[in-house]
Amino acid sequence: MGMTDVLIVGAGPTGLVLACDLARRGAAVRVVDRSPAPPRTSRAKGPNPRSLEILDALGVAEEVLAAGSAPLPMLKYRDRRPVAEADPWADSAPSADARYGRGWLIAQWRLEGILRDRLAGYGVRVEPGREVVGLAQGRNEDRSGSGSDGDYGGHGAYGGHVDVTYADGPAGRARYVVGCDGAHSSVRKLLGIPFEGTTAEDQVMVCGDVDLADGVLDRTRWHQWFDEDGAVMLCPIPGTRTGWWFQAGPERDGRGRPLAPTADGFRRLLAHHTALPGRALTRAELLSTYRVNVRMADRFRAGRVLLAGDAAHVHAIAGGLGMNTGIQDAFNLGWKLGLVLAGHADAELLDTYEEERLPVAARTLDLTSERLRATLEAIRRPGGGLDAAITPDTTGLGVGYRWSSLAAGGRAQEAGEPGPRAGDRAPDAPCADATTGERTRLHRVFAGPGTTVLGFGPGSAAVLRETANAYGGDAGVRVCRVYAAHEDRAGAEPGAVVDDAGHVAAAYGTGASGDPAAGTVVVVRPDHHVGVLTPADDARSVREYLRRLHGTGRSAERSPGMVDAAR
């Protein structure tokens with residue numbers, strides 16, 4: 001039985017992002033999905049700004065932008081007549097520290113296709129029709145379950161693999177398994193992890209992809225009819241001529257119970273709420289019923305099995321955060337699995353995935369429920385619509401992990417100091433290559449699967465030199481000296497950048513010191529969050545942080561089996 005490094009169960013956006021991230025790190029990955037063919041689902045309408053940054057890091061953002069469209073203004077109707085228009089993205093623009101000012105519209109099946117193509121470039125193909133029905137974590141005979149959560153404790157409680165049984169075909173074995181298999185996750189059920197929360201049986205929506213006769217509705221708007229007895233929402237699907245996303249309040253039977261969606265039902269809803277005849281709807285597929293589910297797993301890790309995306313948390317659709325939260329789970333987990341598999345980091349690093357993402361999921365449940373309440377309130381009045389769900393919170397750019405044990409290094413910043421804190425998203429900023437003068441951006445410097453150590457000011461030179469000497473042969477850590485416009489950069493190393501317009505110093509709060517010899521060092525994690533931000537004379541914090549993630553570097557080559565726990 002061949003061993004794979006990571007078996008990913010579920011080939012939606014979460015599983016595919018995780019697979020791409022691991023494959024580019026050289027991990028052996030398998031992706032299985034119980035569907036016999038790639039599902040063409042009709043839920044997520046596209047990535048938010050933070051997810052676009054992640055897709056950019058994986059090298060597919062340009063393709064996603066080309067295949068989709070900018071978010072559309074919303075035209076709202078009451079009693080079949082247009083009553084208001086709103087563009088919640090009108091004031092959103094790219095800024096120096098965030099390249100993507102707004103999310104993007106793209107069909108979920110189109111995004112999945114782009115990610116599958118990227119994955120195929122690494123030689124990995126999704127294996128369809130493979131349903132996981134059993135998981136067994138191999139015991140280590142010589143170790144008792146000493147982990148923090150009983151039997152499924154830390155890496156010591158179980159041996160080095162998980163045996164996987166499928167509904168048919170040969171069994172498999174993996175070092176780690178990640179359940180990205182949605183709200184009804186088999187992996188979560190096999191682990192016996194509770195999925196606590198509520199399902200609002202009365203908050204129901206029917207959805208589908210439909211074709212409307214050419215020209216019957218303006219494709220530059222997201223149309224929303226909200227009446228006292230129901231609603232219909234139609235948003236054009238980018239890249240199609242006549243395709244629309246259809247969402248509506250369901251038809252109900254005589255006792256008020258929601259009816260299952262059908263093409264004829266959609267035609268009746270269309271005729272009832274809009275000025276269009278039912279026959280304008282020429283095709284309807286991917287029909288589904290959506291109920292507001294607010295549920296969360298009470299843990300995201302059991303030994304060598306982890307949960308991500310909807311398998312770990314589901315919430316109200318308001319604000320469009322479902323797929324985005326999953327993509328961001330995957331980007332948090334990928335580099336941690338990669339460093340553990342390579343033998344650089346202790347397996348306890350994987351505990352920080354739940355430590356960081358579980359509170360984010362809990363907050364997302366609250367945020368989306370609040371946005372749903374605001375939206376349901378708004379649509380009771382003529383002119384109210386889905387724009388009530390869009391707030392700065394829904395960009396994902398403000399999500400950070402200040403509480404994390406991975407945000408503990410370096411000196412604490414004083415309140416009111418400019419710049420990010422440890423755990424925050426590392427800001428982007430335009431700059432120039434110090435040797436060629438070419439325009440670039442910090443997020444381009446961070447791209448690729450490694451950790452980046454930024455040095456500001458002459459005082460940072462020693463730490464950067466020490467880091468380059470320790471990890472220089474290891475692509476997992478790179479150093480980047482950031483020169484101010486006035487600094488002499490005669491001896492600039494390749495990869496250094498010039499902060500010619502001051503955007504980098506402004507973003508990181510490093511321009512405040514009056515001491516010309518002083519400096520600042522910022523360690524940026526592989527998922528583009530700040531690990532350490534500290535004065536350049538605090539080399540110890542930088543050294544300890546890098547050792548925790550990357551081992552001791554070249555100074556003490558170790559085999560993966562001999563991981564010394566750097567705590």
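## Cores and a mixed sheet

Start with L337: skipping its neighbours within four places in sequence, it is in contact (heavy atoms within 4.5 Å) with V6, L22, Y176, V178, L306 and L350. Bear in mind that this is a predicted model, where local features need pLDDT of at least 70, side-chain atom pairs count only at pLDDT 80 or more, and totals for chains, interfaces and linings use all residues. Residues are numbered from 1 along each chain as its sequence is written, and side-chain values use heavy atoms, with hydrogens and water left out.

**Nonpolar cores**

- A nonpolar core here is a set of buried (under 20% relative accessible area, 1.4 Å probe, protein chains only) Ala, Val, Leu, Ile, Met, Phe, Trp, Tyr and Cys residues joined through side-chain atoms within 4.5 Å.
- The largest one has 113 residues, and I8, V178 and L337 touch the most other members.
- Another core, of 19 residues, lies apart from it and includes L75, F246, L269 and A280.

**The open sheet**

- Helices (H or I, at least four residues) and strands (E, at least two) are DSSP runs, numbered from the N terminus; two strands pair if DSSP finds at least two bridges between them.
- With mixed pairing, 7 strands line up as β17-β16-β20-β19-β18-β21-β22.
- β17 (439–441) and β22 (530–535) are the edge strands, each pairing on one side only.
- β16 (residues 430–433) pairs with β17 in the antiparallel sense over 3 bridges, and A432 has R439 of β17 as its bridge partner.

Methods: Buried means under 20% relative accessible area, exposed over 50%, partly exposed in between (1.4 Å probe, protein chains only).
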